[in-house]
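This briefing walks through a protein structure topic by topic. Please look over the sequence and the structure before reading on.

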Amino acid sequence: MTAILGISAYYHDSAAALVVDGDIVAAAQEERFTRVKHDQRFPTAAVRYCLAEAGIAASDLDYVVFYEKPLQKFDRLLETYLAFAPRGLRSFSRALPLWLKTKLHIPRLLRRDLGISNNVPIAFVDHHESHAASAFFPSPFRDAAIVTLDGVGEWTTASIGRGDGNRIELLSRIRFPHSLGLLYSAFTYYCGFKVNSGEYKLMGLAPYGKPLYAGTIRKHLIDLKDDGSFRMDMSYFDYPAGLRMTSSKFHELFGGPPRDPESPILQRHMDLAASIQVVTEQAMAKIAARAHELTGSRNLVLAGGVALNCVANGKVFREGPFTNLWVQPAAGDAGGALGAALFVWHQLLGHARTPSPRDAQQGSFLGPRTTNAEVAALFDREGVPAERIDDDGEMMERVVDQLTKENIVGWFQGRMEFGPRALGGRSILGDPRSPRMQAAMNLKVKFRESFRPFAPAVLREHVHEWFDVPAGYESPYMLLVADVLESRRTTLTEEERELMERDPDLRRRVNVARSVIPAVTHVDYSARLQTVDRDRNPRFHALLRTFYEHTGCPVLVNTSFNVRGEPIVCTPADALRCFLATEIDVLVIENFMVRKEAARPLSAEDRRAHLARFELD
Ligand SMILES: [Fe+2]
């Protein structure tokens, strides 16, 4: 047996992944255990979980691998500082203590934190090689073009590579400070959202705007070359040396200072969001075309934070030269832990790789699970009157009955998802046909006023009857976007059309029903699709199937099981707290069901205290 532990840490979204004899045995983000969103500390709890899942001790590990090369990263910091000196002194001296104390001593810290001896080798894989490995090795393809795109690793910010059998090779790279990820983050920052987490909101804002600034961005900020490379004019940015993303020259170009996070979103911000989205898509299209040229493969795999831009993925795929696409579900830095471990197994140890037709990601259900005994003990301890329903057919009927009454269901089953999306393991579900569902879920459950609709989970066998995709279409990880079919859309009244065009209040616009499944239809009729199949997700599939049999609608609203700013729930206790602190109507954990009327609600004070634990994002 060969056990390889992959680790990503000390930047953003720490994680651990365990690969045993080439199989992905476990993978999880540290935030889920510590309940600190995007926790970047050493993933002690995630490591402990991975080892427990495999039933081994740290001393049984054969290799430990870190997802990047700290010395090279430090080298980039130092060189960037020297290039901009003395301007970057403040940000440099802020970063320095952490580097001296922690990041330069990662091998020693790994040994200390894991309690492993000097005999266990520790490997360091290049940041973008980790991303590339996470995209290719679990994919269903024998060969593929690989594209990685993120903010920055050591020096690389984007790469094109080739995967063939059990090897990957990076063929070309773009180097810091030129970075598509950081360009997108600069607009995220400028539009008043949090860098490294608000990018998804900016993408959701784009359909409300018009890409009026796309020309300006390409004329002044980024020069996209036909060979897929690009250069940025750094006088518009402050990130290499400063503490801000954008410079005053940037602010002048786009007509004012960055938006205050709590101030209203103006049409200008929506137009900026639409513009940077278009430029990102154009850049990705050129990079994909170049990747195709270099590799000649029909298959494309993607990873890196930018690959979470499912709108761009969908477009690149529809318009591009590739026949097949696979995106690593944990496309951000958490996925680097998995990529690094697989890199050691295939590339360094030379083990063969047999791609499985579905992929090797196992639906991304790679995290911890619970047992009915544990759940029973929890409800007992907390005095929660839960009903045990062992017949799964009956359970599905009961849950569907609740859903069709427009009740909101907290749904917890099987293993936790690896990656930022909830895929039916730790989800909150609702009836997408209900015109009030979107507002209800946003205001009473998530405690946010959102301009973004929710994502649809849809039976794969019916996806083409509701969305503009071919029969058998797969998007199991919610990483592609598709349009709601015209036949499912509603005709807007004159008044509604006017509101859609002009109303500055996005919450009013988002509440105009655009289709017969309004809760999951965006203003431009797009939807972030998750296809659900029996193989990857049997119990969730059975629930959707039952819902379909009763309603003729094979779609449910699927949003992550958490409140705003909270990591997705990990344990039954996390789920119970979230259920009690919100207006989720029904909680289902494995074979147990709790209805809100039956449970004793939290006092207003406890509820406030619970919600105050999470910093708003
Ligand atoms: Fe990265």
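Where is the place of Tyr525? Tyr525 is in the loop between helix H18 (506-510) and strand S18 (526-532). Helices (H or I, at least four residues) and strands (E, at least two) are DSSP runs, numbered from the N terminus.

This is a predicted model, in which local features need pLDDT of at least 70 and side-chain atom pairs count only at pLDDT 80 or more, while totals for chains, interfaces and linings use all residues. Residues are numbered from 1 along each chain as its sequence is written, and side-chain values use heavy atoms, with hydrogens and water left out.

**Backbone features**

- Tyr525 is not a glycine, yet it has a positive phi of about 70°.
- Tyr525 counts as buried because its relative accessibility is 16%; buried means under 20% relative accessible area, exposed over 50%, and partly exposed in between (1.4 Å probe, protein chains only).
- Arg35, also not a glycine, has a positive phi of about 65°.
- Arg35 sits in the loop between helix H1 (30-34) and helix H2 (44-54), and with a relative accessible area of 9% it is buried.
- The peptide bond from Phe176 to Pro177 is cis, with omega near 5°.
- Pro177 belongs to the loop between strand S8 (167-175) and H7.
- For background, most residues other than glycine have a negative phi, and most peptide bonds are trans.

**The iron site**

- The iron ion has the protein donors His127 (NE2), His131 (NE2), Asp150 (OD) and Asp333 (OD), which lie 2.1 to 2.3 Å from it.
- Donors are N, O and S atoms within 2.8 Å of the metal (3.2 Å for Na, K and Ca); water is not among the atoms, so sites may look incomplete.
- The arrangement is irregular because the 4 donor atoms subtend angles of 90 to 170° around the iron ion.
- Four donors count as tetrahedral if all angles lie between 85 and 135 degrees; four count as square planar and six as octahedral if opposite donors are over 155 degrees apart and all others between 65 and 115; anything else is irregular.
- Along the sequence, the spacing of the donor residues is H-x3-H-x18-D-x182-D.
- His127 lies in helix H6 (residues 127-136) and Asp333 in the loop between strand S12 (324-327) and helix H13 (334-348), so this pair ties together parts that are 206 residues apart in sequence.
- His127 and Asp333 are both buried.

**Helix packing**

- H6 and H13 cross at roughly 80°, and their axes come within 7 Å.
- On the H6 side the contact is made by Glu129, Ser130, Ala133 and Ser134, and on the H13 side by Gly335, Gly336, Gly339, Ala340 and Phe343.
- The residues of this contact of H6 with H13 comprise 3 nonpolar, 5 polar and 1 charged.
- Helix H7 (residues 180-190) packs against helix H11 (residues 267-295) at an angle of about 175°, with the axes 10 Å apart.
- H7 and H11 are therefore roughly antiparallel.
- Axes are lines fitted to C-alpha atoms, for helices over the stretch in contact, and angles run from 0 to 180 degrees between N-to-C directions.
- Angles under 35 degrees count as roughly parallel, over 145 as roughly antiparallel, 65 to 115 as roughly perpendicular and the rest as oblique.

- Arg536 lies in the loop between S18 and H19, and at 13% relative accessibility it counts as buried.
- The C-alpha atoms of Arg536 and Arg358 are separated by 8.8 Å, although the two residues are 178 apart along the chain.
- Beyond its neighbours within four places in sequence, Arg536 has contacts (heavy atoms within 4.5 Å) that include Arg358, Asp359 and Glu474.
- Cys553 is in the loop between helix H19 (538-551) and strand S19 (555-560), and its 1% relative accessibility makes it buried.
- Leu556 is in strand S19 and is buried, with a relative accessible area of 0%.
- Leaving aside neighbours within four places in sequence, the contacts of Leu556 include Leu403, Pro432 and Phe547.

Technical notes:
Nonpolar A, V, L, I, M, F, W, Y, C, P; charged D, E, K, R; others polar.
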